[in-house]
Protein chains: 2
Amino acid sequence: MKLQLQITMNEALFLRNPESSQLGKNILKHSIQLIYKTGFEAFNFKKLAEEIGTTEAGIYRYFENKHKLLVYLTAWYWTWLGFQISFHTNNIKDPAVRLKRIIKLLATTVEDDENTSYVNERLLHQIIISEGSKAYLTKHVGEDNKQHFFKPYKDLCAVIGNIISECQPKYKYPKSLASTIIEMAHFQNFFMNNLPSLTDFGKNKEETEVISFLNDLVFSGLKKS
Amino acid sequence: MKLQLQITMNEALFLRNPESSQLGKNILKHSIQLIYKTGFEAFNFKKLAEEIGTTEAGIYRYFENKHKLLVYLTAWYWTWLGFQISFHTNNIKDPAVRLKRIIKLLATTVEDDENTSYVNERLLHQIIISEGSKAYLTKHVGEDNKQHFFKPYKDLCAVIGNIISECQPKYKYPKSLASTIIEMAHFQNFFMNNLPSLTDFGKNKEETEVISFLNDLVFSGLKKS
DNA sequence: TTTAAAAAGATAGTATTACTATCATAAATA
DNA sequence: TATTTATGATAGTAATACTATCTTTTTAAA
């Protein structure tokens, strides 16, 4: 007997719900593995079909194209992380402690969640770091946004922004600081591993250092203002 | 009589130097216009060739593929901005004032530089905001980095990091703060215009607000540490 | 249990993209 | 003036990004 956590996704993101069938779940599972392995640019539905043992046409019945699939995966990730965050910060009163906990969750490699057998959250987290911003850095970001594709990301940003305001009601840029934290949790990690001279963590390459940087950024900023 | 500022680019970025011929300059000029207009995903060498009035093969003689061209444009931009920054902060003693000036230069829409007739810096700046991170968010970032494709970006980051250290020698994360400033100057601008709820600037959509946010982020952080 | 609906598999085909190759011509240079 | 070098014109290929159709299998309702 398992408690199955079911994430309800925006229906405009898919043609057929991938969580509703075995093939759909295979698409999610293997797309994560394949994007992780080859990168998003080299990834395509033909390779994915071969990996799964189905046909290209089969995948197109679930997702319009590979970009929609990427947007789906990022939305899934932010929804899942939102759950994780609300779970792990549930009964913490002090907003500063809550915020620190969130920074840690944002910047730490996640371990695979047993409740979602077809999603490897550790790989997905890496995908979000390297490919996540491609989901919105497009010419059609406006239309995608109108269809609420980025709602999970925006919701998380709002949650963090509110906690920042709780910490320091006078602070003028809670939302921008929230999006800065989220983006930098990923970019500093990417830089550390790929362009280390852009960071101060090149020697050890420890996630804990990214966390310390973000905590310092947030809390010395908040205290002063 | 004009003072022509010639930017010397990494030779591994092109097959034939685009600044050495009229066709090359046309490729730069029209690729900027076309990427600006259609976005990088929809942009291709066939459309570019039509725009210029040459053939696809002609463009391939200058650039291996469109990704290399994007890397070229971003490297060009960071080199050019590096010049602008050193020019405009030349005789400023106070590192804090210098840093503020740099933040302003990073976050302000540039006006077109008359010295480079074939590059519209205003459009290029917009391209860097929307497409710039795609230059390094790839599976081959490591090899690209080995070939020094990102040197101009890294140099600028180092310059800013050093100024941060001058302002506050004890501060532990000068390079990470520098890359955060650079990235956020762009991302907050992109969010402001496309996903405004991720920022605190949605109402006015003023660049000056991004600048204020960054100044606050940097200087309240630095004062405390 | 039968029957119909829905999903998946198999196969084929098209338009576009991302190139490479070749040859002729024009322009620059020695 | 001869020769190198850049460009133009044209063609062709392999891969990508799909769409269409038909058959078989699975599911689910009557």
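## DNA strand D

The surface near DNA strand D divides into four nonpolar, six polar and three charged residues. Here Ala, Val, Leu, Ile, Met, Phe, Trp, Tyr, Cys and Pro count as nonpolar, Asp, Glu, Lys and Arg as charged, and the others, Gly among them, as polar. A residue is near a strand or molecule if its C-beta atom, placed from the backbone, lies within 6 Å of it.

This is a predicted model: local features need pLDDT of at least 70, side-chain atom pairs count only at pLDDT 80 or more, and totals for chains, interfaces and linings use all residues. Residues are numbered from 1 along each chain as its sequence is written, while chains are lettered from A and ligands numbered from 1 in the order in which they are written.

Two helices each supply at least two residues of the surface near DNA strand D: α3 (56-60) of chain A and α3 (56-60) of chain B. α3(A) gives the most, with three residues. Helices (H or I, at least four residues) and strands (E, at least two) are DSSP runs, numbered from the N terminus.

## DNA strand C

Around DNA strand C there are 14 residues. A:S21, A:T54, B:N44, B:A57 and B:N65 are the closest. Again, α3 of chain A and α3 of chain B give two or more residues to this surface. For DNA strand C, the largest share comes from α3(B), with three residues. The classes are four nonpolar, six polar and four charged.

## Fold of chain A

Chain A has ten helices and zero strands. Its C-alpha atoms fill a box of roughly 60 × 40 × 35 Å, taken along the principal axes. For 225 residues, a compact globule would have a radius of gyration near 17 Å; chain A agrees, with 18 Å. That radius is taken over C-alpha atoms, and the globule rule is 2.2 Å times the number of residues to the power 0.38.

Of the 225 residues, 42% count as buried. Buried means 20 or more other C-beta atoms within 10 Å of a residue's own; exposed means 12 or fewer, and partly exposed lies in between, with C-beta atoms placed from the backbone.

## Nonpolar core

The largest nonpolar core has 128 residues. Such a core is a set of buried Ala, Val, Leu, Ile, Met, Phe, Trp, Tyr and Cys residues joined through C-beta atoms within 7 Å. A:I181, A:L214, B:I181 and B:L214 have the most contacts inside it. Beyond its neighbours within four places in sequence, A:L214 touches A:I103, A:A107, A:I181, A:M184 and A:A185. Contact means that two C-beta atoms, placed from the backbone, lie within 7 Å.

## Chain A against chain B

The same surface serves both: 100% of the contact residues of chain A recur in chain B.

The contact takes 44 residues from chain A and 44 residues from chain B. On the side of chain A, α6 (121-131), α7 (141-146), α8 (151-167), α9 (174-194) and α10 (207-224) give two or more residues. α9(A) has the largest share, eleven residues. This side divides into 15 nonpolar, 17 polar and twelve charged residues.
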